[in-house]
Structure formats: structure tokens, C-alpha cells
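Here is a short briefing on one protein structure. Keep the sequence and the 3D view open as you read.

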Amino acid sequence: MKGNSSSAKQLTDQDHYEAPSEPSIKKVPPKRKKRRKSQAFQEALTGYFFLAPALILLGVFLLYPMGAAFYYSFTDFYILKPDDISFIGFENFSYIWQDAQFRQAFWNTVYFSVIVVPVQLAVALGLALLINKKLKFRVFFRTAFFSPVVMSLVVVSILWTFMYNPNEGLINQLLGVIGISPQPFLTSPDQAMNSIIVMSVWQGAGFQMMIFLAGLQNIPNHLYEAADIDGATSWQKFLHVTLPGLKNIALFIFITISIAAFKLLVQPMIMTQGGPLGSTKSLVYHIYETGFNYRDVGYASAMAVVFTMIVLTITIIQRVLIREERG
Amino acid sequence: MKKLLYLLAGVLLVLMMAACSSDSSTNSEGSSSSSGENATSDTVETGSVDTSVEATGDEDVMLDFWIHQTGEDETNAYIELIDAFNKEHDDIHVNAEVIIDDGASAYSDSINAALVAGNLPDVMAVDGPYVSSFAEAGVIQPIDNYIDEETKSQYVDSIIQQGTYNDQLYSLGAMEASVMLYYNKDLLEEAGIEPANSLEEAWTWDELMKNSKKLTTEDRYGLNLFMNYGVGEWLTFMGAPLAWSNGGALISEDGTKVDGYLNSPETIEALNYVKDLFAEGVVTDSPGEMQFEEGNAALALGGPWIAVSAEDAGLNWGMMPYPYKDEKVSPSGSMAYAVTNNTEDPEAAVELMKWMTNEEATIKISKATGMPPAQKSAFETMEKFNELPWSIMKEQVIQTAHARPATPAYPVLTDAFAQSFHAAALGEDVESVVEQQVQRVERELKRFEE
């Protein structure tokens, strides 16, 4: 009843209003559309305005240099002669395959990455598991494991250089106590890269440990309780509850460590200057030296382009594999 | 218990080193930035001149001047010299900019950046052996037209040699440098070894080898070559005279060819001598920072700064000339000044260079840095160079100093030699390493073929 009467009333109201305002009604919709358009435009403008600082910085410090490097990779740009740049086609790229130093740097970098990525992943997970237990002094351990991450990599590298010193370094003094003769950690071509790997894992693992820790605390407790009821051992619980629960986080960490490992630069630069006999020279360090010390920006750019391709390929492969696993 | 103490001492040592190194680095950063500010404010002080100049239309020359900073005392000495120059010259005004030189690439990075951007100063400090590459690229200009023979002859020969490329003079320096064979007097006396007290008595390679072996014991090395400085300019600076002394070379006289020079039998023999020193165990490839000062090495082939640190450490030390094979030669070269092609008034720029390197300036800088002066007369004025042991450094700088090669490919050449030297120290096959490096330098040299 009520509904009927009200709708009737509305009808009459409409009738009442329609007649006199017919011309104005036609005018109203276009006005509204215009307002909407300009509003949308303004909103977009505001959006771009807020984006601008990020976009400008990205453009000036990332996209432009990338484009410039691509362009210079086809030239003979020598830093002392910036006004005398000529186009030399693929000459720089073809020299890469003859450059023994590039080859050595490439395999050094691959070796570093192949060892560091799984080791650092495992160490980070191990530390996270330890800290997740309700131990005494838990906060102390957490801080201790995380503190190397807060320190500058340059400072850490200098400290470890002292610790690795064969004659006066801490590590060799300790080895001396248990009767092992001093090791040439950074001065032997066979040991230098491994020494840098140990130091890098120590420095970097704390950060991934914190991410793993967050992941561990996100695994719902009822899963463990259910496993307990089923009579699972703690190893079985780790294998079938903890690991699957951490899968996504582990993949994220895997990708970030891989990319970071490929960009190895600071440690060899500070600790060994790429030596002994080039055994710790990384790709990025070789590019840096070529461009800045030997002033051969053209060739350095070509190597940078190739380096980008390599990292891009690795990242794409990892992404594809991850998608498959998710599916 | 003893072992535990040992361990604790080790931990303490590392902590102390950490504290020291971080302290010193923050200190130097702090002081450098503050002195940098001082530098600019010092020169801006006389800025009132600018306005009056524009008003009168009188054309004053403004010179931008880059100086490098490695130590505070040194920089202060430069600033005082520049202030004095500004007071003395009414028509020239110098704006100095202090740029950090960390011994690695910080200073050359600044030059590279300014070069590409096209805003190099009028006058800048450049490292001696890099003069040729700047000259070849036309970054700096010859100054022969603005300097007379008499002024030129006042400098020690090696400074002129270092500043000359293609028979034209490009740079003048206030400092020389050298490498001396330092020795621990007590240890030599103990072993009954007679040191060389003049250039005539300089040790030969054989004597150095024999005596180093004699001085090497269970807990001490006979010789220190400061391999802890890393594989860089030091190895070329300190090591190249071994090749020259043996009649070898790093590159052809005209600086265009390394094949047949860097891999000549004489150079290879010199590197093999280095290899033998290491193989005999008289020298280590990783000495501690203060190995010589702490008495853990009896001899040391080090720069003038070792005299300062040995004195500070209270060591009973002396110096001998650089050891030789056939010809007596010794390391040379240091920072110098050059006029860039950016300048509008090269004459005023050279005036500034002469001022910064005249006798008074070179004595002032020598006192601040401990480096030998670059003017012959300064050696007479400074009394310390007329008595032992400094008289030996004077003889060496004036008589046997040999500049590093003048070639535009120097940055690659010096790395090639340093890598070869280091490979020899590690006991690698010298010939094959040198051969690889020769190919590298030859490729770089092609860039400069015309």
C-alpha cells in the first residue's frame, strides 16, 4: 500500500516538474559530462604531478643513462676526447669475445653467484629458524646477526681485510692457536674469491634472515598442531609445513640475492683490487675500470649492455620457472 | 693461559685497527670538507675586487685552479701560497678549489667529469705520468712560449722530463719523490752488515739479495716492498727502475710500442729477480701496515714518507740509495701543475704555475709533506739535505731520478707493469704473463695511432 502510494506520488511529482523544466533538462546532462571529463583530467593531472618527482628522477638517473650507454656502446668514446666521438658499429661487441679479462671476470662472477646464492639462502634460513625458537638472549642474537647489514659494505670489507691478513690478522691468529699455519686468504689466487664469498654471506645473510623470520611467523600455528596430532617428527614438520609455507618468500629472496650477487663490486674493489692475478675481478668491476681508469667509455658501455642482457635473461628464466611452479 | 692471552691480544688488535681506521677516515673526511670550505672562503674573501673591476671596465684575469688534497698540512701550504699570489698580483685573481685525492680514482674522476661537461679549470694539478695522455688529447697545452730556459734549468731534470711530451713542456711540479732503501740500524749492526752511505756505495742486486737473506729470520723478513699498497701505481713507481737499471724498458722511447720493450729479455730478467726475492722468502706479498717501523723487516724499499713514519715510531733507521744492476736509476715523479686548453690567459696561468713551484714554494711544500723539493737550489737552502741520511736522497733526485714513461697509454701501461710485477711476486711464469699484458697495451696504443 505504502509503496504504491509513494510511487504514485513520485509519478505525479515528476509530471509536475517535467513540463516547465524540459528545455533545461536537456542542457543538464552535457554539462555534467563536461564536468566529469575535466574532473578526470584534473585528477590525472594531480596524479602525474605526484608521480613527477619519481618519473623525473627515474628518467634522469636511470632511463637516460641507459639510453646513453646503449648509444655509446657503438662508439669509440674516449673520456679525454669527448668532442671526438665516432660511430664504429659492432667493433666493441666483437672485442668482448676476444677480451680475456672479460671472460675471466664473467666466470668469476658466475662462480661467486653460484656459490653465494644457495649458501646465503641456507644460512639465512638457518639463522631465522634458530631465532624463531624461544631461546634466551633471542633479541641479542637477532641484533648480532642483523648488525652487519646495517654496516657500510666498504667498512665491512676493510675490517675483513684486516682479519684476513696472514701475519697479523685475527683469523690467522686463531688458526695459529689450533696449530694451522697462516693462510694467504686474500693473496692466493685459489683462496681469494672464497674468502670474499664467506665475508659476503656473513654480511648479507642477516637481511634475508629477517624476511624469513617474518615468513616463519606468518605460518599459522594450527598447521603445526595438526601435524603434532598426526604424530609428525620435527623434521617432518619442517619438511612438510615450514618449507611449503616459506616457498614464496624463498623465491623472492632467491631472485634478489641472484641479482645482487651478479652486481658484485665493492668487496673485490676494497679487499683485493680484483687480484691476485684477476681471480676476484667481477664483471661490474671490469666495466668500472675500463670506463674510468682506462677511459674507454665506448667499450665499457658495450660490456654494460651485455651485462644487462645477462642479468635480464637470468631474471626472465627465474620468473618463468616460478610461474610454472605456482601453476 | 698464554694462548688465551694471545687470542685476546688478537681481538684487541683488530678492534683497535677498526677504531683507528674508522676514526682516521671520518677525520680526514671531516677535515677535508672543512678545509674545502676554507679554501673557497679564503679566495672569496677578496671578492670585492670583482665588482670594482666590472665598474671600471678594467680587465682583471680570473683563474680557476684545482689543487688535490692528500693531507691537511699540504693543502694549507697550497692555500697560503695562493693567498700570497693574490696579494702580490693586482691584475690576476685565483680561485682555488680543493679536490680530494684518495690515492685511487677520486681526483681523476673529478677531472673526467669536468672534461666531459666542458668546465675544466684554467690550471690543475695532475699526476706526473698522466701528463702525456692529457697532452695527447689536447686537454692541456704546452707552455714553452711562456717560460725561459733559465727558469726551466732551475728545476731538477726529472721534473722537466716528467712534464715533457713530444719535445714540448706541459707541466711543472713543486714536489719530487723518490724511493730509498731504508734500513733498521740495530738489525744491520747485529748481522754485521755495512750500509751504503752514498750513491757510490749503492748496493747491487746481488748485495741486496745476499743481505736480505742474511737478515731474514724465523720471525722477521729481510726486506719490505710495501705490497700492502695494492696492485697499482706503487708497483710501477717503485719497480720500474729495476728494469731500467738492467737496460730494459716498459715502452719505446717515443711511447708508441711495447712489444720488444715490456717483454724484452732485460725487463723479464728484472721481473725474475723480483720473483727470486719472493721465492727466497726474504719478502712477503702481504706485509702489515707498519712491518718496517715495528722491526719486522730489516730493509724496506719505500717512499719519503717512510722516513716520517719510522721517525715517529722511534726506530733507529737510516737510508741507502736505490739498489742497481748496471745503471744507477731511481724512481721519480709526483703531482705537478698544467694549464688546460680552457684558459683564456695562458700567460697568467703559467705565472701561477711558476709561483706555485718556485724555490720558496717548493721548500714550503717539502717541509709540509716530507717530499724532496723540485728546485735544485732548494736542496742547498734546506740544510737537512746536506747531511746524512738526507744527502743520499738529494744525490738520487739530482743524479739518478728517472721519470716514468711518457705515453698517452700510460693508464693501461702502468697497470700492465703492476700486474706483471705482482704475478712475479706470486711466483707465476713471468714471460707468459708479460706476453698477455703486451697484447693489452698494444691494443690500447692503436687508439693513438694517427
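The model is predicted. A search of the whole structure finds 15 salt bridges over all chains. The second largest pocket has a volume of about 680 Å³.

**The second largest pocket**

- This pocket is lined by 22 residues. Closest to its centre are Ala69(A), Gly291(A), Phe292(A), Val297(A) and Ser301(A).
- What classes of residue make up the lining of the second largest pocket? The lining has 18 nonpolar, 3 polar and 1 charged residues.

**A salt bridge between the chains**

- Arg447(B) and Asp296(A) form a salt bridge through their side chains, at 2.8 Å from N to O. This pair crosses between chains.
- Arg447(B) sits in the segment after α18 (430-446) of chain B. Asp296(A) sits in the loop between α11 and α12 of chain A.
- Is Asp296(A) buried or exposed? Asp296(A) is buried, because its relative accessible area is 5% and the limit for buried is under 20%.
- Arg447(B) has 25% relative accessibility, so this residue counts as partly exposed.

**A network of shared partners**

- Arg447(B) has another salt bridge, with Glu444(B). Here the closest N and O atoms are 3.6 Å apart.
- Glu444(B) counts as buried, at 6% relative accessibility.
- Which residues do salt bridges with shared partners join into one network? They are Asp296(A), Arg443(B), Glu444(B) and Arg447(B).

**A salt bridge within chain B**

- Glu233(B) pairs with Arg404(B) in a salt bridge. The closest N and O atoms are 2.7 Å apart.
- The pair links distant parts of the chain, 171 residues apart. Glu233(B) is in helix α10 (residues 233-245) of chain B. Arg404(B) is in the loop between α16 (390-400) and α17 (410-425) of chain B.
- Glu233(B) is partly exposed, at 23% relative accessibility. Arg404(B) is buried, at 10%.

**Ile211(A)**

- Find Ile211(A) in helix α7 (residues 192-218) of chain A. Its relative accessible area is 22%, so Ile211(A) is partly exposed.
- Which residues is Ile211(A) in contact with, leaving aside neighbours within four places in sequence? They are Ile249(A), Phe252(A) and Ile253(A).
- Ala128(A) is 83 residues from Ile211(A) along the chain. The C-alpha atoms of these two residues are separated by 8.5 Å.

**Ser286(B)**

- Ser286(B) is in the loop between α11 (265-279) and β9 (297-302) of chain B. At a relative accessible area of 9%, Ser286(B) is buried.
- A polar contact joins the side chains of Ser286(B) and Asp285(B) at 3.3 Å.
- Ser286(B) also touches residues of chain A. Not counting residues up to four places away in sequence, Ser286(B) touches Asn165(A), Pro166(A), Asn167(A) and Thr187(A).

Definitions and conventions: Residues are numbered from 1 along each chain as its sequence is written. Chains are lettered from A and ligands numbered from 1 in the order in which they are written. This is a predicted model: local features need pLDDT of at least 70, side-chain atom pairs count only at pLDDT 80 or more; totals for chains, interfaces and linings use all residues. Side-chain values use heavy atoms; hydrogens and water are left out. On a 1 Å grid over the protein atoms alone, a cavity is a set of points where a 1.4 Å probe fits but cannot get out, and a pocket is an open set with protein on both sides within 12 Å along at least five of seven lines; lining residues have an atom within 4 Å of a point. Grid points are joined across faces, edges and corners, and a volume is the space filled by probe spheres set on the points. Ala, Val, Leu, Ile, Met, Phe, Trp, Tyr, Cys and Pro count as nonpolar, Asp, Glu, Lys and Arg as charged, and the others, Gly among them, as polar. A salt bridge is a side-chain nitrogen of Lys or Arg within 4 Å of a carboxyl oxygen of Asp or Glu. Helices (H or I, at least four residues) and strands (E, at least two) are DSSP runs, numbered from the N terminus. Buried means under 20% relative accessible area, exposed over 50%, partly exposed in between (1.4 Å probe, protein chains only). Contact means heavy atoms within 4.5 Å. A polar contact is a pair of N or O atoms within 3.5 Å; within protein, one must be able to donate a hydrogen and the other to accept it, and residues adjacent in sequence count only if both atoms are side-chain atoms.
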